[in-house]
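Me: Hi! I have a structure open here and would like to talk it through with you. Could you take a look?

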Amino acid sequence: MDNEFMKTKPIFSLLMSMSIPMMLSMLMQALYNIVDSIYVSYLGTDALTAVSIAFPLQNMVASVAVGVGVGITSTISIYLGSKKQEEANTAATIGIALSILHCILFILIGIFVTKPFLRLFTTDPSILKQACDYTYIVVCLSFGTIIQIAMEKIFQAVGAMKTTMFLLATGCIINIILDPILIFGYFGFPAMGVRGAAIATVTGQICGFILYIIVYLKKSFGITIHSKYLIFDKSVIRQIYSVGIPSSLMMMLPSILISILNRILARFSDLYIAVLGVYFKLQTFIYMPANGIVQGMRPIVGYNYGAKDYDRMKKTIQYSLLSAGMIMLFGTIVSLLIPAQIFSLFKADENLLLAGTTALRIISLGFLISTIGIIYSGTFESIGKGRESLIISLLRQFIITIPASFILSHFLGVIGVWIAFPIGELCASIVAYFLLKKQENGAFSPF
């Protein structure tokens, strides 16, 4: 595949051609996350709470997979921009090998960590059992999503965004179809409750993984994954992990954040744990499309960074900010105008509806300003600067938000926890602006 279009095609049309397929696939993925929770909510508040406290471990799997995948994308893109095809092939092959090792790691984590971890957040036997039933399946059988994401990122590195869109959408659709069948027991299947939701999830992921393998074997994408490239190349492994580890930690932050906030919220009521769990499902419907912009941007920025075309990088970042900002503005408006209608999708009782409406309106005030943090973090990942990306994410979801939640909750109650979210986004965006301004003396800072 010829990658010259990365530095010759008009930037906005190039960005849109690579981002829109990813935005659509991210919307589909967000939709199936929400549909999953909607179906589970019909089993009762206990089931919804069980899935909510299982989220941190489930998110840890995705975090490692996507983080390493981002490292693979960044490494391949930079090598392709520098006209180093053999090194790009090596990076892809080593990336797959590392992902297989991670599959084994999560089998062990699923077996030995699940129950002790979940016991930290509930003493209710019913909630604990349902949470364990769900978590054992989605963590121990996570090989489908881990390998699928690695393949997805390799395809994205060469600009094959439409292919990844269709394959990701296929896995999501399979999950959406299987959810009600396995949860409630249609068409002769037994009603499996939350276990059915977990089985539907891993089945969709495994199907997506198989489809990626089939498509790769049938069509050339300009990258070769082969055993002859499976060598212990410290420089390639270091490059993948220098971006992949910070990116994984960045994506794990919501898990850590939710775990800590659940402990804070439990002081008030288990109701607020359910609210936080539903919110994090809902916010993916806004942040995943914005992440589609980031995924479309990464190979363009990485390729042109390797080619040292800083002007083209700057314009790509500018268009990315504008595009993601429009998504965030839409999310803010919807959250402020119809929060009750959104929460009512989850069969919310009066108390959950009232608490969720207040939470969504307050937290959504940080959506628009978070655009800078999201795009700048993606920019640093694209050029192999994982540390700076991690700093931005730590500020967004850890360093500011958690202390602010703890302090403000003592004065304002649970409202203080929700207020901490926009405060964290504002602080992170300010720091992100200055970090990018310092990079290469501001050569590709958009303003």
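Predicted model: local features only at pLDDT ≥ 70, side-chain atom pairs only at ≥ 80, totals over all residues.

Me: Great. How many cavities of 30 Å³ or more does a search of the whole structure find?
Reply: The search finds two of them. The second largest cavity holds about 60 Å³ of space.

Me: Which residues line the second largest cavity?
Reply: Its lining is made up of Val51, Ser52, Phe55, Gln58, Ile258, Gly277, Phe280 and Lys281. Two elements give two or more residues to that lining, namely helix 3 (45–81) and helix 10 (270–306). Helix 3 has the largest share, with four residues.

Me: And how do the residues of that lining divide into nonpolar, polar and charged?
Reply: There are four nonpolar residues, three polar ones and one charged one in the lining of the second largest cavity.

Me: Let's switch to the core. Which residues touch the most other members of the largest nonpolar core?
Reply: Those are Ile76, Ile375, Trp418 and Phe421, in a core of 135 residues. Helix 10 gives the most to this core, with 20 residues.

Me: Take Ile375, then. What is it in contact with, leaving aside neighbours within four places in sequence?
Reply: Ile375 contacts Ile293, Val294, Met297, Ile317, Ser320, Leu321 and Ala324.

Me: I've also been looking at Ile392. Where is it found?
Reply: Ile392 sits in helix 15, which covers residues 386–399.

Me: Why does Ile392 count as buried?
Reply: Because its relative accessibility is 0%, and the cut-off for buried is under 20%. Apart from residues up to four places away in sequence, Ile392 touches Gly373, Tyr376, Ser377, Phe380, Ala428, Ala432 and Leu435. Gly373 is 19 residues from Ile392 in sequence, with a C-alpha to C-alpha distance of 6.4 Å.

Me: Nice. Now helix 5: how far does it reach from its first C-alpha to its last?
Reply: Helix 5 runs over residues 125–140 and reaches 22 Å, close to the 22 Å expected for its 16 residues at 1.5 Å a residue.

Me: Is helix 5 mostly covered or mostly open?
Reply: Mostly covered, with twelve of its 16 residues buried. Among the buried ones are Gln130, Asp133 and Thr135, as well as Ile127 and Leu128.

Me: Tell me about Thr135. What does it touch, not counting residues up to four places away in sequence?
Reply: Thr135 touches Ala54, Leu57, Thr114, Leu118 and Cys140. It counts as buried because its relative accessibility is 1%.

Me: And Ser74, is that one buried or exposed?
Reply: Ser74 is buried, at a relative accessible area of 3%. It lies in helix 3, and its contacts beyond four places in sequence are Gln239, Val243, Glu381, Ser382, Ile383 and Gly384. Along the chain, Ser74 and Ala62 are twelve residues apart, and their C-alpha atoms are separated by 18 Å.

Me: Last topic, the backbone. What is the phi of Phe187?
Reply: Phe187 has a positive phi of about 55°, although it is not a glycine. Its place is in the loop between helix 7 (161–184) and helix 8 (194–218), and Phe187 is exposed, with a relative accessible area of 72%.

Me: What about Lys308, where does that lie?
Reply: Lys308 lies in the loop between helix 10 and helix 11. Its phi is positive too, about 60°, although Lys308 is not a glycine. Lys308 is exposed, with a relative accessible area of 62%.

Note on methods:
Residues numbered from 1 in each chain as written. Heavy atoms only, no water. 1 Å grid on protein atoms, 1.4 Å probe; cavity = no way out; pocket = protein on both sides within 12 Å on 5 of 7 lines; lining within 4 Å. Points joined across faces, edges and corners; volume = space filled by probe spheres on them. Nonpolar A, V, L, I, M, F, W, Y, C, P; charged D, E, K, R; others polar. Core = buried A, V, L, I, M, F, W, Y, C linked by side-chain atoms within 4.5 Å. Buried < 20%, exposed > 50% of the residue type's maximum accessible area, 1.4 Å probe, protein only. Contact = heavy atoms within 4.5 Å. Expected span 1.5 Å × (residues − 1).
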